[in-house]
Amino acid sequence: MTIRETIETTALIDNHAHPVEPLSETDVRERFAQWFTEGDLEYRDARHTFNYQAALGVLAERFDVDAGPGDDAFERELLESRATVDRHEYTRDCIASTNTEVILADDGFPDTSPAEFREYTDADVYPLLRLESLAESLIDDHAEFGAFEDALVDRMASALEGEYVALKTIVAYRRGLNVGTVDRADARAAFADVRSGWDGRLEHPRLLDYVIHRACEVAADYDAPIQFHAGFGDPDAHPRYVDPTHLVECIEAHPETSVVVLHGAYPYVGQAGYVTATYPNVYLDLSLAIPFAQHGSERVVSTAMELAPTTKLLYGSDGFSVPELYVLAARRFRDALASTLEGAVADGIVTESYAETVAENVLRENALGLYDL
Amino acid sequence: MTIRETIETTALIDNHAHPVEPLSETDVRERFAQWFTEGDLEYRDARHTFNYQAALGVLAERFDVDAGPGDDAFERELLESRATVDRHEYTRDCIASTNTEVILADDGFPDTSPAEFREYTDADVYPLLRLESLAESLIDDHAEFGAFEDALVDRMASALEGEYVALKTIVAYRRGLNVGTVDRADARAAFADVRSGWDGRLEHPRLLDYVIHRACEVAADYDAPIQFHAGFGDPDAHPRYVDPTHLVECIEAHPETSVVVLHGAYPYVGQAGYVTATYPNVYLDLSLAIPFAQHGSERVVSTAMELAPTTKLLYGSDGFSVPELYVLAARRFRDALASTLEGAVADGIVTESYAETVAENVLRENALGLYDL
Amino acid sequence: MTIRETIETTALIDNHAHPVEPLSETDVRERFAQWFTEGDLEYRDARHTFNYQAALGVLAERFDVDAGPGDDAFERELLESRATVDRHEYTRDCIASTNTEVILADDGFPDTSPAEFREYTDADVYPLLRLESLAESLIDDHAEFGAFEDALVDRMASALEGEYVALKTIVAYRRGLNVGTVDRADARAAFADVRSGWDGRLEHPRLLDYVIHRACEVAADYDAPIQFHAGFGDPDAHPRYVDPTHLVECIEAHPETSVVVLHGAYPYVGQAGYVTATYPNVYLDLSLAIPFAQHGSERVVSTAMELAPTTKLLYGSDGFSVPELYVLAARRFRDALASTLEGAVADGIVTESYAETVAENVLRENALGLYDL
C-alpha cells in the first residue's frame, strides 16, 4: 500500500469539532456561505472564499450537479438541493464518507449538544467541556466567589470523571492567550465586579485567567488535556493575541498539564510548531486552518512538521454546524499529509515505512493515546 | 481560453503606484539598483537582490542584449543603454507592455506629480492623496490647530470631491500602525509642540493619530477608501510595528471606512489575510511585495488567498520612479496568480470558471468597484 | 556545470557551529535523539522529528544498513553501530563528506574546545567568542564593576587580535533580543546585584544589555562581526522575544558593527529577511533552521532570498556535539539552495550565470569576506 493509500484508508480520530446543527431552509438558501468563514463579512465577500467554493464542490458531488459555468445559477441550484435534505441522513452520509471513527465535540457551541449529535452520526462522539460556557452558567447561579470556585472545580472534575475527555477554552477570543498569573484575592475581586454588572458574557481578564489556571490544575489531576483555541477562529479575537507564543507563561506554569494548541494557530503556524517542539506538554491540532486554508493546507501541514514531533500532531476538523466542513477537512488534511510525506520520502528524509507510521499517528494513534480513548 | 491566458490578457487596474520620475544618466549608470530595494543598503549589496537582477533581465529584453555570462560588463552595457533612453517614450512603452488600463498614483512621492505622469503613459492616472505630505504643508501654513484642522478636512474633502479616488497614509513608517485614540485637546497640544520645533517632518504620534482618525471619517463620508502602507517599504519603518494586526483598533473604530492594507503587509502576509478575512471593511493590496519577493510571489499570492475573500484582493505594482517596476510587478503577479489558480483547479478546490472570475476580480473588477472608477 | 553541480562541489565555509564532543556509548544507545531537537521533550517525542529520522538515514548510509521496515529494531541496530565508532575517525569522515573547508566554532558550548575539535577534523577551525560564558567567568573573578568591564573589553579585544574571528551572544535566550539602552551607572548597580547573589548564570537584563553594547563597540573597532542567536535554538528562550524585529534598536545603535542574525531566526524567517534587506550592517545565517526544518529547508532558503541581498546570506550548520548534524546541514542546505536557484532561473528571474554567483557567494565567498578569513 502506498503512503497515500494508507492515508486515504485510515479511520480518523477527530480531536476537535462541534455538533452539526439544524439549519432552516432559508439559512441554506440565503446565508449558507457564512458557515465557511470565521469573519464578520459582507455576504457578497463571504461567498468568495476558496473554502466556500470548495463546499459548493462538495454539494455538486453530493447532488450530482455538473459544475458547468460555475455561475450564480449553479450556486442557487446547489443550495436549493441542500436546503431540503434530510438533515440526519445527510449528516450521517457526509461524515461516513470521511471515515471518521471518533469525534471529540465541544459542548458549548452550537446549541445542539454532543448527545444529540450522536443521533445522526455513526462516529463515536465524546464531549469536550467548554470552560467559558460553564463559568458563565455558574456565575448566573452563584453570588459568592468561593461557591463559584467550588462549583467550577466540581463540575470540571465530575465531567472528567464521566464521559468528557478534555477541557477546552476560548480565552484567546475573550482576552487573548497572554494568560497571566492571578492570586485568589484578585480573582475574588474580579468575580465581584463581574457579578455586579453581569450580562451573561465573561470577558474579565483576571477572572478568566483564574479559571484557566484552575482548569489546568484539574486537567493535570485527571490526566486529561486542555484545548486552547489559538489563531483565527472568531471575529471577537484580537488577531495579535491569538499567537501561541503568548501562551508560554501558562504552559510553563503547568508542566503536568497536556495543552493542545488548536487551529495550527493559523497564521502563526511556524510559531505553533516551535512551541510544540519546545515544551513537552504541548500538542498541536491543525483543525480549522484545514480546511479553511484549502490550497494552503499542504503549507500548513508541512510547516507544522518542520519542527514539531509527529507524535504531537493531531487531526481535527473543527467541523461545526454543517457536515460539509467535516468532508472538506478530511479531504484536504489527507491530501496535504500525503503530499508532505511523499515529498519527504522522495527527498530521502524519511523512509517510506516511517512515513506510514507518521500517517497513522497523526490521523489517529496520537489522539487515542492523548485522550485515553 | 485557459486561466493563464485570461490572466495574461486582462487589462490591469493598478490600485497603488507612484509616478515615474526623471533620472539623470549618472543615476542610472551608478545608482540604478537603489530603485529596486527599500533598504538603506550598501550599493554592493543592493545590486544583489533577485528584484534588481530581474530588472536587468527586463533591460536585456528591452535592449535585446544577450545575457551571456551575466557578469559586470553585461550590467554596465545594459545600464549604458538605459541611461540614454527617451524617458517619455521608454516609460510609455514599458507601461503599455503591461496592459495596465488605470493607475492610482500617490501625489506625495516622488516629486513628479500624477498630472505630469499622465503625459507619458497611456494608462488613465488618478491621484491618491498622501496625508502626511498634506499635513506637513498645512503645518507650514497654519499657526493654530483649529485652522490646521479645518484646512486638513477641507483639503481632503475637496480632493475626494475632485479627481482624487482615495486617501493614503504612511503612518506605518512614521510611528507604526498601532494608531491610538486621541482626543482633540491632546491633538491640539501635540500640534503646538510640533509647530514650536517644526522641521518639516511630521512624526508626532498623537498628532498623526488624530490626522488618521479624521481622515478615516472623511473617507467614510465620501465613500472613498484609505490606503495604509503596511509591511516593508521604507527604511524609516520599525519592522515590528508595520504588522497589520497593530491596525485592528483603528479598523474597528471606523467600520464605515474602507481600509486598504498595502504591500500584502509583507512579511506579515498571513496576518494580513487573516485581518482581511475578519473585518468587512478591509481590503488587501499585494503591491511591492510583488515584485520585490520575485520567486516568492506565488507564496505571497497563495498565502493571501488562503483566508481572504478573493473579492477583497487588489492588484497593485507600487511602481515608483522607474517603469521597470511596473513591468516586473505585472509579470510576477500574473504568473503567481495563474499558478495559484491552476493549482486550486487541479486540486479540485475551485472550478475553472470560478478561477476565471477570481482572476478578473483581482486584476481589475475589485478595484473598479472599490474606487468607483 | 549545472547550478546543482556547482552547489554540490563548492567547498563550504560554515560560519556558525560548535565542536563535536565525546558521547558515551550509553548516550548514543539511549539518548541519541536528544541531539536532534532543541526542545525539552520527552524522549518518546524527541525520536519522532524528521530531523532525527533523517539522522537515522545518515547512519544507515554510514553503516550500510538497509532501512527495511524502518522499525525500532532498525533504530537499535543503527545506534549500536554508532555507539562504538572511533569518534575521531568518524567525525573526520563525516565532516570530510560535507566538503567543508572552514568551520567557525563557538568556544562556549559544548565543553570541548575549538582547539580540541581541530584534532579530529580536516576543516580549518576558527573560534567564536561566546560573550555570556566570558562575562560569567569574569563575574567569578572580579568584585568591582570597573575591573569587570576592563577585563571584559580586554578579553574581547585580545581575542579579536588573536585567532578569534567574531563575537557571539545568546542574549536572545537569556532575556530576549529586545536589548535596551543602559547607562553605566545602571550597569554598575546591576553588576552589584548579580555579584551579591551570584550563582554562575548571567540573566540580569541590564547587565546583559551593557555587555552587548560594549561588545558591539569592540566588534566595530576590530571590524569583526557579532553573531546573535535568534529564533528557536534553546528551551530557555521565550519564543516571542527571539524575533529579530526586537533587535532593531540595537542594530540601529551600532551602524558600524556587522551583526549576523543566526538560525534564519526561524520561524521568523520573513522578518529576518526583511531586517537583513533594510539595515546595511545585518547579515543572515541559516544554520540550525537547516537542517532542523528538513523538508522545509527550501521554504527557509527561498523565503530568506525574497528580500535579502544574496551577498548577505551565509551558510552555517550549527552542528554541535554530533557530526551527523554537519552532514544533514550540508545536504539539506545544498539541496534547498539548488532548488531555489533552479526555480528562479526557470522562471526567468535570474540568469544561470548569476545563479552560480549566488551559490558561490552564499556557500563561501560572503563568509570569507565578512570574517576576513
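**Group meeting: the sheet and the A/B interface**

Okay, let's start with the sheet in chain A: eight strands, open, all paired in parallel, in the order S1-S2-S3-S4-S5-S6-S7-S9. At the edges sit strand S1, residues 12-17, and strand S9, residues 313-314, and each of those pairs on one side only. Keep in mind that this is a predicted model.

Let me zoom in on one pair. Strand S2 of chain A, residues 100-106, runs parallel to strand S3, residues 124-130, and five bridges link the two. If you want one to click on, take Leu104(A), whose bridge partner in S3(A) is Tyr126(A).

Then there's helix H8 of chain A, residues 131-141, lying across S3, strand S4 (166-169) and strand S5 (226-228), at about 55° to S3(A).

On annotation, an unreviewed UniProt entry lists residues 132-373 of chain A as "domain: Amidohydrolase-related". In the model that span is 55% helix and 7% strand, and its end C-alpha atoms are 24 Å apart.

Now, the interface. Chain A puts 35 residues into the contact and chain B puts in 33. The two chains bury about 2,900 Å² between them, with carbon and sulfur atoms giving 59% of that. Which three residues supply more of chain A's buried area than any other three? They're His48(A), Phe50(A) and His295(A), at 24%.

The salt bridge joins the side chains of Arg299(A) and Glu306(B), at 2.8 Å, N to O. On chain A's side, helix H3 (43-46) and helix H4 (50-62) each supply at least two of the touching residues, and H4(A) has the largest share, with three.

Notes:
Residues are numbered from 1 along each chain as its sequence is written. Chains are lettered from A and ligands numbered from 1 in the order in which they are written. This is a predicted model: local features need pLDDT of at least 70, side-chain atom pairs count only at pLDDT 80 or more; totals for chains, interfaces and linings use all residues. Side-chain values use heavy atoms; hydrogens and water are left out. Two strands pair if DSSP finds at least two bridges between them. Helices (H or I, at least four residues) and strands (E, at least two) are DSSP runs, numbered from the N terminus. Contact means heavy atoms within 4.5 Å. Axes are lines fitted to C-alpha atoms, for helices over the stretch in contact, and angles run from 0 to 180 degrees between N-to-C directions. UniProt positions are given in the numbering used here, feature names are shortened, and annotations may be inferred rather than shown by experiment. Buried area is the accessible area (1.4 Å probe) that two parts lose on being put together, summed over both. A salt bridge is a side-chain nitrogen of Lys or Arg within 4 Å of a carboxyl oxygen of Asp or Glu.
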